[in-house]
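Visitor: I have a model open and would like to learn how to read it. Could you take me through it feature by feature?

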Amino acid sequence: MKLSIIGSGYVGTTIAACFAEVGHDVVNVDIDEDVVATLNSGESPIHEPGLDDLIEEHAGDRLRATTDYEAVLDTDATFLALSTPSTDDGHIDLSIMEAAAESLGATLAEKDDYHLVVTKSTVVPTTTEEVIAPVLEEASGKRVGEGFDVGMNPEFLREGSAVEDFLDPDKVVLGSQTDRAAETLRAVFDPLVEQASDAAVVETGIREAEMIKYANNAFLAAKISLVNDLANICKEYDVDSSEVLDAIGLDSRIGSEFLGAGVGWGGSCFPKDVAAIVAAARDVGYEPAMLEAAVAVNDRQPVRMLDILRDHVDPSGARVAVLGLAFKPGTDDVRNSRAIPLIDALLDAGADVVGYDPVATENFREKFPDIDYADSAGAALDGADAALVVTDWDEFAALYDEFDAMNEPVVVDGRSIVTRRDDIVYESLV
Ligand code: NAD
């Protein structure tokens with residue numbers, strides 16, 4: 001099939017390359033000329049394992065990029081893979097989606113044959129039918145169901161394993177409201193599903209597809225917050241939380257995945273998606289108590305880390321090494337990293353902060369240009385009064401002799417990965 005993907009960011013680039021890999025002809029449309037030029041030169045505009053190889057193999061053949069929306073005219077279906085950030089009060093900001101839908105609609109006005117427009121971005125229930133479709137109708141002069149349809153296909157890939165996740169997913173969710181849209185979506189995904197090991201295909205309505213994505217992310221975020229709540233109680237009673245969590249994971253109703261206690265969830269999706277569904281729930285008069293509690297627990301974890309530090313060191317005037325600035329290992333993404341609220345609190349308390357991360361320092365420097373940065377964990381620890389471990393990079397688990405360079409070593413481990421030494425003050429967060 002011939003597919004167009006609007007937006008060539010993290011998701012758009014990955015799915016374009018993967019659709020080309022399974023045999024479709026794909027064109028990426030993005031307003032960013034640099035991104036388009038990078039893709040057309042056979043390189044990936046984002047860092048993601050395996051993506052460079054796919055783009056190198058298919059660019060100029062089954063994969064190309066352009067800034068010109070006219071490219072969609074020669075395709076059967078268009079996926080909208082645009083950012084859906086948060087407004088200041090947590091609501092979803094649809095302005096980028098609406099602008100792209102308007103450009104797409106104006107282009108579809110010239111198209112004679114059937115077209116399917118699929119929302120790939122994460123959007124709150126009813127957005128595709130009540131926001132995107134009306135913009136498309138207005139701009140194209142056509143009605144949904146007459147010449148074009150809309151559909152919804154949420155994305156579940158994770159940064160750091162995006163290609164693998166997309167090509168071998170647990171599930172593919174296809175949301176549609178007409179038989180023709182359902183058939184077209186099925187045809188898009190058939191080649192992928194055939195080669196995936198055991199992907200489940202969920203055919204459902206559009207707003208159900210929209211909600212499945214939020215339910216998925218909200219459940220995972222709440223699971224981590226519940227785990228952290230339990231681990232905090234363990235800590236107060238001097239109970240080994242890892243033994244408790246390993247044991248409850250043996251219950252098949254709970255499962256052993258995603259039971260890691262620590263300094264909480266961050267990144268480009270969980271915080272904004274939980275905020276958006278909480279705001280959407282409140283808009284219709286429902287107070288989502290569980291999700292509000294999940295956010296509250298998550299907000300408290302970095303503060304607890306500072307409280308534990310205070311038991312040993314007065315942060316005012318102390319040199320504090322923060323190890324790990326990326327929101328998780330394997331990425332240079334610092335959006336909503338737990339290091340951000342932690343460093344804010346440390347600076348408020350008068351600490352002298354030195355940060356270190358194997359790959360995310362430059363991105364973090366844009367947010368905190370005035371703290372010190374070290375080139376290695378050892379250099380960050382040199383002369384420090386305390387060390388806070390925020391991201392579970394493997395290299396932090398290997399630290400041992402490096403702590404000798406600290407003044408009187410105090411280590412607060414937010415990920416429970418550092419090898420303990422009897423001769424230094426070591427506290428795990430949980
Ligand atoms: P992104 O910010 O990385 O990419 C968006 C791209 O859209 C950019 O390249 C930008 O230049 C382009 N763009 C902006 N306006 C445009 C326009 N009018 N026309 C064409 N292109 C335009 O976003 P992302 O991380 O890929 O996320 C996209 C969506 O997927 C979001 O809704 C997100 O919640 C969802 N999602 C993201 C992930 C993830 O891990 N990043 C996972 C699952 C779902």
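Guide: Start with one span. The C-alpha atoms at the ends of residues 321-420 are 17 Å apart. The span is 26% helix and 18% strand. Helices (H or I, at least four residues) and strands (E, at least two) are DSSP runs, numbered from the N terminus. This is a predicted model: local features need pLDDT of at least 70, side-chain atom pairs count only at pLDDT 80 or more, and totals for chains, interfaces and linings use all residues. Residues are numbered from 1 along each chain as its sequence is written.

Visitor: What does UniProt list for residues 321-420?

Guide: An unreviewed UniProt entry lists them as "domain: UDP-glucose/GDP-mannose dehydrogenase C-terminal". UniProt positions are given in the numbering used here, feature names are shortened, and annotations may be inferred rather than shown by experiment.

Visitor: How do I read a sheet? In what order do the six strands of the open sheet run?

Guide: Look for pairing first. Two strands pair if DSSP finds at least two bridges between them. Here the order is 11-10-9-12-13-14, open, with parallel pairing. Strand 11 (372-373) and strand 14 (425-428) are the edge strands, each pairing on one side only.

Visitor: Which residues stand opposite each other inside that sheet?

Guide: Take strand 12 (residues 386-389) and strand 13 (residues 410-413), which pair in the parallel sense over three bridges. A387 stands opposite V411 in strand 13. Strand 9 and strand 10 also run parallel, joined by five bridges. There, R319 stands opposite D352 in strand 10.

Visitor: Is strand 9 buried or exposed?

Guide: Count neighbours. A residue is buried if 20 or more other C-beta atoms lie within 10 Å of its own, exposed if 12 or fewer, and partly exposed in between, with C-beta atoms placed from the backbone. Five of the five residues of strand 9 are buried, so the strand is largely enclosed by the rest of the structure. Both faces are covered: R319, A321 and L323 are buried on one side, V320 and V322 on the other.

Visitor: Which helix lies across strand 9?

Guide: Helix 12 (residues 339-348) does. It also lies across strand 10 (352-356) and strand 12, and runs at about 175° to strand 9 (319-323). Two residues are in contact if their C-beta atoms, placed from the backbone, lie within 7 Å. Axes are lines fitted to C-alpha atoms, for helices over the stretch in contact, and angles run from 0 to 180 degrees between N-to-C directions.

Visitor: What is the strand order in the sheet of eight strands?

Guide: The order is 3-2-1-4-5-6-7-8, again as an open sheet, but with mixed pairing. Strand 3 (63-66) and strand 8 (200-204) stand at the edges with a single partner strand each, so one side of each has no neighbour in the sheet. Neighbouring strands are turned by 25° against each other on average, direction ignored.

Visitor: How many bridges join strand 1 to strand 2, and what packs there?

Guide: Strand 1 (residues 2-6) and strand 2 (residues 25-29) run parallel, joined by five bridges. I5 stands opposite N28 in strand 2. Helix 1 lies across strand 1, strand 2, strand 3 and strand 4 (77-80), at about 165° to strand 2. Helix 7 (residues 179-195) packs on the sheet too, touching strands including strand 5 (115-119) and strand 6 (148-152). Its direction makes about 165° with that of strand 7 (171-176).

Visitor: What should I check in the loops?

Guide: Check phi. Most residues other than glycine have a negative phi. F258 has a positive phi, near 60°. This residue sits in the loop between helix 9 (241-248) and helix 10 (270-283). F258 counts as exposed because it has 12 C-beta neighbours inside 10 Å.
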